[in-house]
Amino acid sequence: MIQPNEKIIVALDASSVLQNRVLISQLENKISFFKIGLRIFIINGFKLIDEIKEKRKKVFLDLKLYDIKSTIQETVAKISEHQIDFLTVNGDPSIVEAAVNGRKNKNIKILAVTFLTNQNRNDLNLSLIKEGSMNELVAERANNAFMAGADGIVCSPLEASFIRRQKKFNKKIIVTPGIRLKKTDSEDQKRISTPSEAIKSGANYIVIGRPIWQSKDPKLAVDNFLSNMSQ
Ligand code: C5P
């Protein structure tokens with residue numbers, strides 16, 4: 001069985017590589033999964049990723065790739081030469097399919113981003129996304145991504161149970177950012193929930209960024225999230 005601490009993915013979003021390296025060393029006895037996003041990837045490439053893998057930890061490369069099929073396919077082929085556990089691509093089916101075709105091994109799980117957790121229905125209107133509730137649209141995007149071969153999806157904790165309830169999605173990976181202990185601490189996130197609610201809703205993994213890396217005591221912050229998960 002997966003232990004609660006193995007369900008936490010810490011987002012390494014601090015602005016310098018050094019700060020993230022310090023954070024990893026502070027948390028490596030508690031945390032086994034780290035997320036590298038665009039901020040660090042554009043300054044450091046695969047170096048920190050390779051360092052994390054040397055520590056036998058898991059890596060989530062969160063690039064949310066979005067491009068034409070041939071570019072996605074080639075890019076994912078190159079990325080899959082590295083030891084990456086999860087990679088995000090935009091949830092459009094053609095992109096998911098290109099990513100799945102491009103990877104050189106199945107160790108790298110392709111996660112489709114449904115909608116960003118800092119988007120609400122009003123943001124979707126501005127992006128000219130068709131009518132429907134967030135739940136319905138996320139479920140439809142998840143379905144399309146799974147049909148195209150995605151191993152999992154990224155959605156908000158608020159939609160996780162809606163997707164998990166559908167039997168055909170039972171074995172798929174659900175990763176939820178937008179995790180906060182208190183709803184008042186949302187910052188730019190708009191579709192948020194607590195760790196325990198996210199896990200009860202069917203999320204396999206929760207991504208936590210600022211509440212940990214901006215904390216004066218990241219270890220204590222992790223403990224607070226863990227105790228919430230045991231409620
Ligand atoms: O700091 P916070 O906990 O809000 O960080 C959430 C992390 O999850 C960030 O690294 C962000 O890029 C990422 N993310 C997200 N929403 C998605 C996919 C990824 O917030 N749909």
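**Buried faces, exposed loops and the overall fold**

Me: Which residues of helix 3 (residues 47-54) are the buried ones?

Reply: In this predicted model, L48, I49, I52 and K53 are the buried residues of helix 3. Each of them therefore has a relative accessible area under 20%, which is what buried means here.

Me: What makes these buried residues line one face of helix 3?

Reply: When one looks down the axis of helix 3, the buried residues fall within an arc of 140°, and they therefore line one face of the helix. The other side of helix 3 carries K47 and E54, which are exposed; exposed stands for a relative accessible area over 50%.

Me: What covers the buried residues of helix 3?

Reply: The cover includes helix 1 and helix 2 (38-44), together with strand 2 (33-37) and strand 3 (58-65). Just after helix 3 the backbone reaches R56, which takes a positive phi of about 60°.

Me: How do you know that the buried residues of helix 8 (residues 157-164) lie on the same side?

Reply: The buried residues in helix 8 are P157, E159, A160, I163 and R164. Around the axis they cover an arc of only 145°, so they are placed on the same side of helix 8. They pack against helix 7 (134-147) and helix 9 (195-200), and also against strand 6 (152-154) and strand 7 (173-176).

Me: Why is A139 called buried?

Reply: A139 has a relative accessible area of 9%, and the limit for a buried residue is under 20%, so A139 is counted as buried. The residue belongs to helix 7, and, once residues up to four places away in sequence are left out, A139 touches F162, I163, Q166 and F169. I163 is also one of the buried residues of helix 8. The C-alpha atoms of A139 and A160, which are 21 residues apart along the chain, are separated by 9.0 Å.

Me: Why is S15 called exposed?

Reply: The relative accessible area of S15 is 58%, and exposed begins over 50%, so S15 falls in the exposed class. S15 sits in the loop between strand 1 (8-11) and helix 1 (17-27). Leaving aside neighbours within four places in sequence, S15 is still in contact with I40 and I43. From S15 to R39, the separation is 24 residues in sequence and 7.0 Å in space, C-alpha to C-alpha.

Me: What is phi in L128 and in E187?

Reply: In L128, a residue other than glycine, phi is positive and near 60°. In E187, which is not a glycine either, phi is positive as well, at about 55°.

Me: How do you know which residues V100 touches?

Reply: A contact requires heavy atoms within 4.5 Å, and by that criterion V100 touches I110, A148, G149 and A150, not counting residues up to four places away in sequence. V100 lies in helix 5 (residues 93-102). V100 and A150 are 50 residues apart in sequence, while their C-alpha atoms are 7.2 Å apart in space.

Me: How do you know whether the radius of gyration of the protein chain agrees with that of a compact globule?

Reply: For 231 residues a compact globule would have a radius of gyration near 17 Å, and the protein chain has 17 Å, so the two agree. The C-alpha trace spans about 45 × 40 × 35 Å along its principal axes, and the secondary structure comes to 11 helices and eight strands. Buried residues make up 52% of the 231 residues. Of the contacts between residues at least 6 apart in sequence, 62% join residues at least 24 apart.

How values were computed:
Residues are numbered from 1 along each chain as its sequence is written. This is a predicted model: local features need pLDDT of at least 70, side-chain atom pairs count only at pLDDT 80 or more; totals for chains, interfaces and linings use all residues. Side-chain values use heavy atoms; hydrogens and water are left out. Helices (H or I, at least four residues) and strands (E, at least two) are DSSP runs, numbered from the N terminus. The radius of gyration is taken over C-alpha atoms; the globule rule is 2.2 Å times the number of residues to the power 0.38. Buried means under 20% relative accessible area, exposed over 50%, partly exposed in between (1.4 Å probe, protein chains only). The arc is that of the directions from the helix axis to the C-beta atoms.
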